[in-house]
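Thank you all for coming; I would like to take a few minutes to walk through one model, going from its helices to its sheet.

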Amino acid sequence: MAKRKTGIEWLLVPRNNSINHILKYKDKVLIDFYNKFTKNHIDANHKAVLWAYYNYLLNDIPNKTKNIYELNKSLSSIYFAMSNYRIKHEKTIDTRLKQLAIDSELKSIFPLESYKMEVVVITKNNCCSYCDSFKNNAFNYEYAMNNEIVDVSKCQNKIRGFVGTLGYRPKRDSNGHLIEVDDFISSNSTIKKKSSLKKLSVGCLYVFLFIMAINTIIIIYHMI
Ligand SMILES: [Zn+2]
């Protein structure tokens, strides 16, 4: 029986949702890895190369990221890619990888000093009762950082498993106003002026993070 040909062309097809593109790695990194790996593993097919490349990225990414939040964001992308690989090529839902992906994404959320923030879980519509339970629900930032707010093993979707991402937004009081942290509140007018500017910044940040969250979930759908 003829051996299936390995092909770097398959791996290097330009895709906006490829892990290389997401992590901003140059194609040359993958080409060099491919050449080195297939030299030492002559029988390796493209799936074996890709899986080995994921592991290479897990080890390499700490050298390429500037802080713990950026590192966790990148790790989350790699774990999501590995999880999607299992679903697509092995027809297996790997809840361990999905949990690592969502936990890393949670740990990628950086704290803001000025305002109380909260975390929302954005899930696939009409997935299951567990995923639906996140609708109209938000978690205080501090609570989210210290508790497992998402348990992917509870999702009842038997085809893709849990599909979702996290959003981050300023917390509002019952009147819809942003909530400042106690030590930031001051009667000083200069501080108040700064406060207005910061409210504007936080508003922009919220819009940015929301767009990022939607982009992430679109990428996840396309990767599966
Ligand atoms: Zn579900």
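**Helix packing, core and sheet**

Helix 4 and helix 5 are roughly antiparallel to each other, because an angle over 145 degrees counts as roughly antiparallel. Before I go on, this is a predicted model, in which local features need pLDDT of at least 70 and side-chain atom pairs count only at pLDDT 80 or more, while totals for chains, interfaces and linings use all residues. Residues are numbered from 1 along each chain as its sequence is written.

Let me stay with that helix pair. Two packed helices are described by the angle between their axes and the distance between the axes. For helix 4 and helix 5 the angle is about 160° and the axes are 10 Å apart, where axes are lines fitted to C-alpha atoms, for helices over the stretch in contact, and angles run from 0 to 180 degrees between N-to-C directions. The crossing of the two is left-handed, which is to say that the near helix is turned anticlockwise from the far one by less than a right angle. On the helix 4 side the contact is made by Lys47, Leu50, Trp51, Tyr54, Leu57 and Leu58, and on the helix 5 side by Ile78, Ala81, Met82, Tyr85 and His89; a contact here requires C-beta atoms, placed from the backbone, to lie within 7 Å.

Trp51 counts as partly exposed because it has 16 C-beta neighbours inside 10 Å. The scale behind that word calls a residue buried if 20 or more other C-beta atoms lie within 10 Å of its own, exposed if 12 or fewer, and partly exposed in between, with C-beta atoms placed from the backbone.

Along the sequence the pattern reads α-α-α-α-α-α-β-α-β-α-β-α. Of the 224 residues, 21% count as buried, and among contacts with a separation of 6 or more, 68% come from residues 24 or more positions apart.

Which residues have the most contacts inside the largest nonpolar core? They are Ile78, Tyr79, Ala81 and Met82, in a core of 31 residues, a core being a set of buried Ala, Val, Leu, Ile, Met, Phe, Trp, Tyr and Cys residues joined through C-beta atoms within 7 Å. Two or more residues each come from helix 3 (27-40), helix 4 (46-60), helix 5 (68-90), helix 6 (95-107), strand 1 and strand 3, and helix 5 gives the most, with 7 residues. As background, nonpolar side chains tend to be buried together in soluble globular proteins. Tyr79 touches Leu97, Leu100, Ala101 and Ser104, leaving aside residues up to four places away in sequence.

The 3 strands form an open sheet in the order 2-1-3 with antiparallel pairing, where two strands pair if DSSP finds at least two bridges between them. Its edge strands are strand 2 (138-140) and strand 3 (164-170), each of which pairs on one side only, and neighbouring strands are turned by 30° against each other on average, direction ignored. Strand 1 (residues 117-123) pairs with strand 3 over 7 bridges and with strand 2 over 3 bridges. Val120 has a bridge partner on either side, namely Gly167 in strand 3 and Ala138 in strand 2, while Met117 is bridged to Pro170 and Glu118 to Arg169. Strand 1 has 5 of its 7 residues buried, so it is largely enclosed by the rest of the structure, and strand 3, likewise with 5 of 7 buried, is therefore largely enclosed as well.

Finally, two backbone details to check in your own viewers. Lys24, in the loop between helix 2 (19-23) and helix 3, has a positive phi, near 60°, in a residue other than glycine, and it counts as exposed because it has 8 C-beta neighbours inside 10 Å. Lys91, in the loop between helix 5 and helix 6, has a positive phi of about 50° although it is not a glycine, and with 8 other C-beta atoms within 10 Å it is exposed.

How values were computed: Helices (H or I, at least four residues) and strands (E, at least two) are DSSP runs, numbered from the N terminus. Two residues are in contact if their C-beta atoms, placed from the backbone, lie within 7 Å. Angles under 35 degrees count as roughly parallel, over 145 as roughly antiparallel, 65 to 115 as roughly perpendicular and the rest as oblique.
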